[in-house]
Amino acid sequence: MALFGWRKKVEIKPARPPASLPLGQRVYAIGDVHGRFDLLQDLIGRIEVDNAARAPTNVHVVMLGDLIDRGPQSREIIDYFLRGAPRFARWHFIMGNHEEMLLKLIDQPDSALMPQFLRFGGRETFESYGAPQRVLDTPDLYSPDTLLFNVPEEHRDFMRQMEDGILVGDYFFTHAGIRPGVALDQQEQYDLRWIRKDFLDSDADHGMIVVHGHTVLNEVEVRCNRIGIDTGAYASGRLTALGLEGTERWFIQTEGERGH
């Protein structure tokens with residue numbers, strides 16, 4: 001007896017070409033610095049060396065947000081960029097959830113929220129601005145303006161001008177991620193700065209590769225739809241940059257001391 005089987009027709013979709021940048025562009029994205037100016041200086045030096053070893057082109061550096069909090073040198077980082085970033089590249093600054101928290105307190109001082117901000121790294125930021133220890137130790141005894149007054153207006157303006165995200169070729173750079181299934185121009189600021197699980201667990205094709213920080217990883221994470229480069233610099237001593245050109249990708253890291 002002859003046995004005849006059947007075969008289900010399978011539609012084979014053409015493979016998506018590798019993600020790439022437009023010709024003549026090189027991009028370095030730097031993960032969450034969190035007050036570690038020492039590591040930032042080290043990493044920028046490494047990026048400059050890497051860039052100089054490659055063919056001349058248009059170079060961009062994207063800071064993925066959370067420049068401030070947790071580490072001891074938040075003010076020094078903002079001062080550094082206000083004085084003028086290194087001229088080998090055009091610099092872009094994404095707003096992280098920590099900049100957002102500080103700006104919300106500045107715009108709407110809240111005695112109830114200030115202790116929470118201090119616990120999540122804000123204390124170190126105010127210390128870098130020279131805030132009195134007695135106020136930091138007992139914030140409930142003072143108006144929140146007492147601490148916020150220490151942040152100069154030019155620093156506030158710098159953070160207010162930070163961007164939500166930047167699209168370059170097949171890569172979208174933002175702080176936390178995007179809401180899967182939502183068009184890029186419909187994304188909520190909250191998701192761009194705060195999202196975790198729904199974005200991190202998704203294997204959806206976003207139509208681009210999302211480069212993000214926000215979620216601390218022991219190592220960089222390269223997935224089919226995203227690349228996470230927050231390696232917990234403030235505690236680990238490893239600040240990470242992703243380099244991109246054409247279809248090429250590479251990583252640069254510091255090997256600094258761990259935070260305390």
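1. Start with the pocket. Helix 3 (97–107) and helix 4 (114–128) each supply at least two residues of the lining of the largest pocket. Helix 3 gives the most, with six residues. Bear in mind throughout that this is a predicted model.

2. How is the largest pocket built? Its lining counts 21 residues. N97, H98, M101, F120 and W194 lie nearest the centre of the pocket. The volume of the largest pocket is about 380 Å³. By class, the lining residues divide into eight nonpolar, six polar and seven charged. In general, rolling a probe the size of a water molecule over the atoms shows where empty space is left.

3. Now a helix pair. Two packed helices are described by the angle between their axes and the distance between the axes. Helix 1 (residues 37–52) packs with helix 2 (residues 74–83) at an angle of about 40°. The axes of these two helices are 9 Å apart. Angles under 35 degrees count as roughly parallel, and 65 to 115 as roughly perpendicular. Helix 1 and helix 2 are therefore oblique to each other.

4. Which residues of helix 1 and helix 2 meet? Helix 1 brings F37, L40 and I44. Helix 2 brings E76, I77, Y80 and F81. The residues of this contact divide into six nonpolar, no polar and one charged.

5. On to the sheets. Strands of a sheet pair through backbone hydrogen bonds, either parallel or antiparallel. Five strands form an open sheet in the order 3-2-1-9-10, and the pairing is mixed. Strand 3 (90–93) and strand 10 (248–253) stand at the edges. Each has a single partner strand, so one side of each is left without a neighbour in the sheet. From one strand to the next, the twist in this sheet averages 20°.

6. Look inside that sheet. Strand 2 (residues 58–63) pairs with strand 3 in the parallel sense, over four bridges. V61 stands opposite W91 in strand 3.

7. Another open sheet has five strands in the order 4-5-6-8-7, with mixed pairing. Which strands stand at the edges? Strand 4 (165–168) and strand 7 (221–222) do. Each of these has a single partner strand, so one side of each lacks a neighbour in the sheet.

8. Within the sheet 4-5-6-8-7, strand 5 (residues 171–174) and strand 6 (residues 209–212) run parallel. Three bridges join strand 5 to strand 6. F173 stands opposite V211 in strand 6.

Definitions and conventions:
Residues numbered from 1 in each chain as written. Predicted model: local features only at pLDDT ≥ 70, side-chain atom pairs only at ≥ 80, totals over all residues. Heavy atoms only, no water. Axes fitted to C-alpha atoms, helices over the stretch in contact; angles between N-to-C directions. Parallel < 35°, antiparallel > 145°, perpendicular 65-115°, else oblique. Contact = heavy atoms within 4.5 Å. Nonpolar A, V, L, I, M, F, W, Y, C, P; charged D, E, K, R; others polar. Pairing = 2+ DSSP bridges. 1 Å grid on protein atoms, 1.4 Å probe; cavity = no way out; pocket = protein on both sides within 12 Å on 5 of 7 lines; lining within 4 Å. Points joined across faces, edges and corners; volume = space filled by probe spheres on them.
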